[in-house]
Every structure is written in structure tokens, then in C-alpha cells.
Amino acid sequence: MSDKTMTADEAVGRLMSGMTLGIGGWGSRRKPMALVRALLRSPVTDLTLVSYGGPDVGMLVAAGRVRKLVTAFVTLDSIPLEPHFRAARERGELELTEIDEAMFMWGLRAAANRLPFLPVRAGIGSDVMRVNPGLRTVTSPYEDGERFVAMPALRLDAALVHVNRADRQGNGQYLGPDPYFDDLFCEAADAAYVSCERIVDTAELTKAAAPQSLLVKRHTVTGVVEAPNGAHFTSCAPDYGRDEAFQKRYATTPWPEFAARFLAGDEQAYQAAVREET
Amino acid sequence: MKAGALEGRETDAPDVTRAEYCVVACAEAWRGAGEVLASPMGLVPSVGARLARHTFAPDLLLTDGEALLVGLDGTVEGWLPYRQHLALVTGGRRHVMMGASQIDRYGNQNISCIGDWARPARQLLGVRGAPVNTLNNPTSYWIPRHSRRVFVEKVDMVCGVGYDHAAGARHHRIPRVVSDLGVFDFATPDRSMRLASLHPGVSVEEVREATGFALVVPDEVPYTREPTAEELRLIRTVIDPHNTRAQEVGA
């Protein structure tokens with residue numbers, strides 16, 4: 001079996017400008033931030049991001065890497081409004097496909113199942129239809145005759161997710177309470193890059209955890225990156241919680257200043273700078 | 001409306017705070033709901049949902065705010081990650097109480113942005129789950145500061161679907177809107193918002209003044225009911241001993 005381990009920079013080196021990129025996690029929870037930081041060090045730009053948005057979106061938008069965003073929200077959870085996303089929207093700079101949380105999920109499921117769309121009882125009657133004039137509806141062919149949104153597949157060129165453990169072949173394990181949609185992101189993508197807190201032997205994965213914690217399957221994974229503290233400053237239960245103090249710093253520091261202080265070097269430099277702060 | 005007729009009730013329980021009336025008004029949203037998930041968003045609705053679970057809606061399901069279903073003492077009784085939560089919505093066994101940055105007379109709700117969507121004056125959260133919620137399970141709203149900025153003639157972005165846009169969608173229902181001034185419903189012929197009760201100490205004029213559209217006001221408007229002594233004890237000593245409710249609704 002192939003060893004898929006690589007560095008974050010190698011993973012990001014396989015991405016290209018203009019790609020549609022799915023990012024796992026949810027809000028400010030278990031975001032693949034080490035991969036996002038690698039992306040910020042790369043020249044890759046003009047991205048279409050598909051994300052239940054958090055600081056992943058905020059940072060890439062602040063750095064001018066995002067052409068278009070597909071989302072239902074962007075939030076830092078404990079800080080409701082993401083400052084960089086907000087600023088970009090208020091400057092009219094960000095192309096947005098704003099859809100409902102459930103529409104988003106069914107879009108990923110459609111992509112994972114190689115379906116062009118899935119019917120969803122959401123969107124009709126709301127301005128999601130007004131701001132997405134390309135959305136179509138379907139009518140049930142059965143006697144109920146209900147009309148649904150035909151949520152188009154959210155097919156991804158690549159997906160980035162972060163989990164607690166993985167083996168070298170790409171079997172990814174989550175140990176916190178919520179898988180979010182990370183397996184779906186991987187299944188919906190042509191290539192998926194999984195970062196993890198720790199790479200372990202395959203047998204190690206189920207020594208202390210139940211098999212249903214094995215969320216991401218290796219056939220959906222292209223690269224595995226060991227990235228300790230790689231979700232920082234978002235949460236990665238049970239390994240660590242959200243770094244609220246640092247998140248506040250991120251949210252209240254002008255982007256150029258934050259980037260110069262924390263993102264000028266590599267991941268090691270970032271982690272060292274974070275340690276210095278706390 | 002003859003608010004004066006009921007004014008005496010205020011003095012029966014002079015120490016009940018406005019926040020506590022709001023808690024009771026929110027709790028009432030889940031009366032008779034049966035074995036469904038209560039999804040309160042905000043501090044006062046959270047206290048309200050727990051109060052309902054403690055008293056007249058003992059079968060309610062509650063979450064820890066993350067992926068676990070928990071009892072009142074925190075005992076884990078189930079698993080509800082986001083993927084299952086979104087699926088549960090479509091099944092309808094849930095009554096959510098959402099916030100609203102704007103709400104109009106037909107119950108259209110906005111949490112996405114203020115101003116022109118293409119270039120908003122103020123970007124807010126995004127539509128989140130409001131479109132799926134409103135077409136699938138009962139959706140109520142909690143507005144901690146009733147004002148003309150929130151109760152508007154027309155919302156800038158319809159996130160939660162109101163009665164005029166729902167066009168009779170089979171599972172659409174907005175049982176109530178609770179604000180710091182009163183309780184509102186849509187029990188009118190054209191499904192426009194009606195003042196259902198005033199919190200003690202609030203006048204009809206005050207509500208009209210703080211509402212940006214013509215509210216339906218019946219001839220007789222009752223006051224929001226008093227909490228029972230047991231409910232007050234639960235709120236103050238069991239559910240919310242640190243008085244977080246006062247952060248949302250001041251005295």
C-alpha cells in the first residue's frame with residue numbers, strides 16, 4: 001500500500017490557481033489551518049472556496065486569494081462575525097454563492113454520489129433563490145407534487161481537512177464529538193489532503209477508539225500531512241480546545257500586522273510565535 | 001387595548017424581572033411540543049427551553065450546544081452531530097427559536113446582511129439554516145431588543161421564510177415571536193404579525209413606537225403570564241443561578 005505522507009508545502013504544491021477548493025471543519029472548529037497557512041505561503045490564488053466558513057475563509061480572503069466563496073455562513077463562533085470576510089463583503093470585493101446549511105450538505109452528498117443534484121426542501125421562498133438565479137427546482141414525480149430546490153453537486157478539485165489521527169495510507173480518525181462533513185469533502189473531491197495531529201500505525205487507530213471513529217477512508221485521500229497543533233487556533237477536541245485569546249488577537253489585529261507577526265515564516269515559526277505569545 | 005385593566009398584576013410579583021417574563025414567554029413556545037428537539041439560540045431562549053423541560057414539556061430533547069443530546073443534569077443520552085441535526089430538521093421533530101437582525105410583518109427573518117446583498121452596508125452571519133428551518137420545522141424568534149431597526153417594513157434578505165413567501169408550504173409554521181416587550185403571533189386572516197401579549201410594565205404605545213410596521217393590535221391584549229413560584233425558583237437557583245439572562249435583557 002502506498003505511503004501518502006507528505007509535507008504541508010508538498011500538498012499545497014499540488015494545488016493550482018483557479019481551483020475549487022473544499023475546506024472541512026465548521027466555523028472555528030477543526031479547520032485544517034496548517035494547510036491553510038501553507039496555502040498562504042504558496043503563490044496559489046484565484047480560488048473558489050467551498051466551506052462552512054471560519055478563519056480559513058477569513059485568512060484566505062484577507063490575503064486576496066479568493067475569487068469566489070460558496071457558503072452558508074462565515075463565523076468564528078465565540079466571535080460571531082468574521083472580520084476579514086465581513087470587510088471584503090462590505091467593500092463589494094468577494095463573489096458569493098450564499099446557500100443554506102442543508103443545501104450545502106446535500107450539494108456535497110450529490111458530488112460524493114456522482115449525482116448532478118439532490119432535491120432539498122430548503123431555499124424556496126427565501127432570497128437564496130434571488131441571489132442564486134442559476135438555482136433550479138424539481139417537482140416530485142409522485143402524487144404529492146411537491147417542488148424542491150435541485151441542489152447542484154458541489155464537486156471539488158481538492159479538499160483540505162484536519163483530523164486527530166491518521167495512518168500513512170490516509171485512513172483518518174476523529175476523536176471529538178462531531179465529524180462535521182470532512183468525509184464528504186474528501187469524497188466530493190478529485191484529490192483530498194488530510195492533515196492530522198499525529199500519524200500512527202494503522203493498528204494503533206482502533207486500539208483505544210471505536211471503529212466508527214474512522215471517518216476518512218484512504219481511497220478518498222491523496223496526501224497525509226502530520227501537523228501537530230495543525231488546527232490552531234480553531235478547536236480540535238479532544239486534543240485541544242479553541243485558543244480564544246489568540247483568536248481574539250487575530251480578529252482585532254489589522255491583517256498586515258497579523259500576517260507579518262505570525263505568517264511570515266514556516267509552520268514551525270508560526271507555532272513558535274504562538275508559544276511566545278502565551 | 002386596555003392595558004390598565006391588568007396593571008394590578010404587576011404588584012402581585014413585584015420582583016419578577018423583564019428577563020424572567022421573557023424566559024417564561026420563550027418556554028411557552030415549547031408547551032405541548034412532545035418528544036421533539038428544542039433548539040434555542042440565545043441565552044433567554046436557552047433558559048426558557050430548560051424551564052419547559054423541567055416543567056410542562058418533560059419529553060423535550062436538548063443539546064449541549066455541540067454534538068450531544070443531554071439531560072438537564074448534563075447526562076449524555078444521544079449523539080447529534082451537525083449532519084444528523086440537519087437531517088432531523090427535515091424530519092420536523094424540532095422546534096427552533098432563532099434570532100433575527102430584521103423581521104417583518106409576515107415573519108420574514110434576516111440574519112445575512114443589511115443593505116444591498118451585492119455590497120452590503122453590514123455583512124452579518126449569512127443565511128445559515130434559516131431557509132431549511134422555516135420550511136421544515138416550527139420556527140420561532142427571539143428578539144432581545146425590540147426596535148424599528150429589527151421590526152422593519154421589509155427585510156433586506158429573506159433568510160427565514162415568512163407567511164407571504166411560504167405560499168402555504170406544508171410544514172411552514174412560525175408559532176411565536178418573543179421580544180423584550182411582548183409576545184407576537186400570526187393569528188390574523190392575512191397572517192400578519194399580531195401583538196399576542198405584553199410583558200407587564202410595557203404599554204401598547206411603547207410597542208407600536210418600537211415597531212417599524214403597522215402591528216395588528218386586538219382590542220384586549222393580555223399580559224404575558226406570571227411565572228409560578230416554582231418556575232422562579234428553577235430559573236433563579238437551578239437553571240440560571242448566575243443570571244446570564246440579564247445580559248440579554250436588562251432591568
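Two residues are in contact here if their C-beta atoms, placed from the backbone, lie within 7 Å. This is a predicted model, where local features need pLDDT of at least 70, side-chain atom pairs count only at pLDDT 80 or more, and totals for chains, interfaces and linings use all residues. Residues are numbered from 1 along each chain as its sequence is written, while chains are lettered from A and ligands numbered from 1 in the order in which they are written. Let's take the two chains in turn, then look at where they meet.

**A few terms**

- Helices (H or I, at least four residues) and strands (E, at least two) are DSSP runs, numbered from the N terminus.
- Two strands count as paired if DSSP finds at least two bridges between them.
- Axes are lines fitted to C-alpha atoms, for helices over the stretch in contact, and angles run from 0 to 180 degrees between N-to-C directions.
- A residue is buried if 20 or more other C-beta atoms lie within 10 Å of its own, exposed if 12 or fewer, and partly exposed in between, with C-beta atoms placed from the backbone.

**Chain A overall**

- Chain A has 11 helices and 12 strands.
- For 278 residues, a compact globule would have a radius of gyration (taken over C-alpha atoms; the rule is 2.2 Å times the number of residues to the power 0.38) near 19 Å, and chain A agrees, with 19 Å.
- Buried residues make up 52% of the 278 residues in chain A.
- Of the contacts in chain A between residues at least 6 apart in sequence, 75% join residues at least 24 apart.

**Strands in chain A**

- An open sheet of chain A has three strands in the order S5-S7-S6, with antiparallel pairing.
- Its edge strands are S5 (117-120) and S6 (136-139) of chain A, each pairing on one side only.
- Neighbouring strands of this sheet are turned by 40° against each other on average, direction ignored.
- S5(A) and strand S7 (residues 147-152) of chain A run antiparallel and are joined by four bridges, and Val120(A) stands opposite Val149(A) in S7(A).
- Elsewhere, strand S3 (residues 66-71) of chain A pairs with S4(A) in the parallel sense over four bridges, and Thr71(A) has Glu98(A) in S4(A) as its bridge partner.
- In a regular strand the side chains alternate between the two faces of the sheet.

**Chain B overall**

- Chain B has nine helices and 12 strands.
- With 251 residues, a compact globule would have a radius of gyration near 18 Å, and the 18 Å of chain B agrees.
- The C-alpha trace of chain B spans about 50 × 45 × 35 Å along its principal axes.
- Of the 251 residues in chain B, 51% are buried.
- Residues 24 or more positions apart account for 68% of the contacts in chain B with a separation of 6 or more.

**The six-stranded sheet of chain B**

- This open sheet runs in the order S1-S4-S9-S10-S11-S12 (chain B), with mixed pairing.
- Strands S1 (37-40) and S12 (194-198) of chain B stand at the edges with a single partner strand each, so one side of each has no neighbour in the sheet.
- From one strand to the next, the twist averages 20°.
- Strand S4 (residues 94-98) and strand S9 (residues 139-143) of chain B pair in the parallel sense over three bridges, and Val96(B) has Thr139(B) in S9(B) as its bridge partner.
- Helix H3 (residues 43-54) of chain B lies across S1, S4 and S9 of chain B, running at about 155° to S1(B).

**Where the chains meet**

- Contacts link 33 residues of chain B with 32 residues of chain A.
- On the side of chain B that touches chain A, H4, helix H5 (130-136) and helix H6 (163-166) of chain B each supply at least two residues.
- H4(B) gives the largest share of that side, five residues.
- Helix H5 (residues 101-112) of chain A packs against H4(B) at an angle of about 110°, with their axes 10 Å apart.
- H5(A) and H4(B) are therefore roughly perpendicular to each other (angles under 35 degrees count as roughly parallel, over 145 as roughly antiparallel, 65 to 115 as roughly perpendicular and the rest as oblique).
- Glu101(A), Ala102(A) and Met105(A) in H5(A) meet Arg83(B), Leu86(B) and Val89(B) in H4(B).

**One residue of H4(B)**

- Ala87(B) is found in helix H4 (residues 82-91) of chain B.
- Ala87(B) is exposed, with 12 other C-beta atoms within 10 Å.
- The C-alpha atoms of Ala87(B) and Asp15(B) are separated by 43 Å, and the two residues are 72 residues apart along the chain.
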